[in-house]
Amino acid sequence: MKLIKILSLLALSAILVACGGGGGGTSTPASTIIGLTLDNAATPTKLYVANADNQTVQAVDLTANSVTTLAGLAGNAGSTNGTGNAARFYEPFAVTSLGGDLYVADANNYVIRKVTTAGVTTTLAGTAGTVGSTDGTGTAALFSVAKGITGAGNYLYVLDTYNQTVRKIDITSGGVTTIAGYAGTIGSADNASGSSARFNYPFGIAVDASNNLYITDTLNQTIRVISSAGAVTTLAGTVGTAGSANGTGTAATFNNPAGIATDGTNLFVADSSNHVIRKVVISSGVVTTLAGTVGTAGSADGTGTAAKFNTPTGLTIDNAGNLYVSDQWYSKVRKVTSGGVVTTLSATF
């Protein structure tokens, strides 16, 4: 059965919320591709996919559009470490590439996993099956349904979504610290002191070359920034107001922003319930629509408003400015050029 409910924003509108049991038998497992990352942003040859309902991490050959399973066994949930199909996941939700390895937010196991390109899976931090918000090293650290992950240098940055916090992990030691937000406390406050900042369902995260973090604060309908010095600010969107207006800063509105990526100058946001891809200029907060038609779900390839999306969610970017988007209600990957030309990968999940 489907593990991801779509479009249930508490009493207001749509939001991507993980729920339900997981796994089950091996017959025709559901496919829900969420997180995406490239093997190499400069010259990408593979796109890695966190397939949440399928309980696998998959690889797409970008030349042949063929899909293989790197780790996990389709339709079988669990927490076992191992190689290839001997490993088990329980809603692998987000994935990032760092230092030649993959790191996966294994949402319903409440852990962060490491997967080598040979498919060897280990647990970096967290205790499978144990929910919490504890900072610590390895299994001493606890998470509660992490849904966003990115990395730079020797560190991962994780959105501990149900804890409403941003966590940092040293990939060498497995040491986990909380850098922003206060566990279990929802809000929208900006503040230079990390623990005084508040979030409401932080979902997507990106990092730039200066280690500034960019976050889609989904139920606040905003784009947040955590500077390399730790200051939390709101770059664009109006807190608590869903909409589709282009504009600058708080004059712009979003409708459940999900995935986010950056080229260092701009942010690109999968504005999931608006069915569009938005562009945000980092220096000014100016928001425009790059591709898709607001409020119109569809599957058409094309340029700008001629293209159609259906709940675009995950997002990653290469150095040429090409975006890869998990779309079509989590079943297809779309490619969007810097000029807003949208095509669909023929890969089947």
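Across the whole structure, a search finds three aromatic pairs, where rings of Phe, Tyr and Trp (its six-membered ring) pair if their centres lie within 6.5 Å, planes under 30 degrees apart counting as stacked, over 60 as edge-to-face and the rest as tilted. Phe93 and Phe203 pair edge-to-face, with 5.7 Å from centre to centre and 80° between the planes. This pair links distant parts of the chain, since Phe93 belongs to strand E8 (residues 92–98) and Phe203 to strand E17, 110 residues apart. Tyr201 and Phe203 form a stacked pair, at 6.4 Å centre to centre and 15° between the planes. Ring pairs gather Phe93, Tyr162, Tyr201 and Phe203 into a cluster.

The model is a predicted one, in which local features need pLDDT of at least 70 and side-chain atom pairs count only at pLDDT 80 or more, while totals for chains, interfaces and linings use all residues. Residues are numbered from 1 along each chain as its sequence is written, and side-chain values use heavy atoms, with hydrogens and water left out.

Burial is stated as relative accessible area: buried means under 20%, exposed over 50%, and partly exposed in between (1.4 Å probe, protein chains only). Phe93 is buried, at 1%, and Phe203 is buried, at 4%. Tyr201 is buried as well.

The structure holds nine salt bridges, each being a side-chain nitrogen of Lys or Arg within 4 Å of a carboxyl oxygen of Asp or Glu.

| Salt bridge | Distance |
|---|---|
| Asp106 and Arg113 | 2.7 Å |
| Asp190 and Arg224 | 2.8 Å |
| Arg278 and Asp271 | 2.7 Å |

Asp106 and Arg113 are both buried. Asp190 lies in the loop between strand E16 (175–180) and strand E17 (202–207), whereas Arg224 is in strand E19 (residues 222–226), 34 residues apart. Asp190 is partly exposed, at 36% relative accessibility, but Arg224 is buried, at 0%. Elsewhere, salt bridges with shared partners join Asp135, Asp160 and Arg167 into one network.

Charges also sit over rings (NZ of Lys or CZ of Arg within 6 Å of the ring centre and within 35 degrees of the ring normal). Arg167 lies over the face of Phe143, 4.8 Å from the ring centre. The charged end of Arg334 is placed over the ring of Phe309, at 5.0 Å from its centre.

Helices (H or I, at least four residues) and strands (E, at least two) are DSSP runs, numbered from the N terminus, and two strands pair if DSSP finds at least two bridges between them. An open sheet of five strands has the order E21-E25-E24-E23-E22, with antiparallel pairing. Strand E21 (247–248) and strand E22 (257–262) are at the edges with a single partner strand each, so one side of each has no neighbour in the sheet. Strand E24 (residues 276–281) and strand E25 (residues 286–291) run antiparallel and are joined by four bridges. Arg278 stands opposite Thr289 in E25.

Thr56 lies in strand E5 (residues 56–61) and is buried, with a relative accessible area of 0%.
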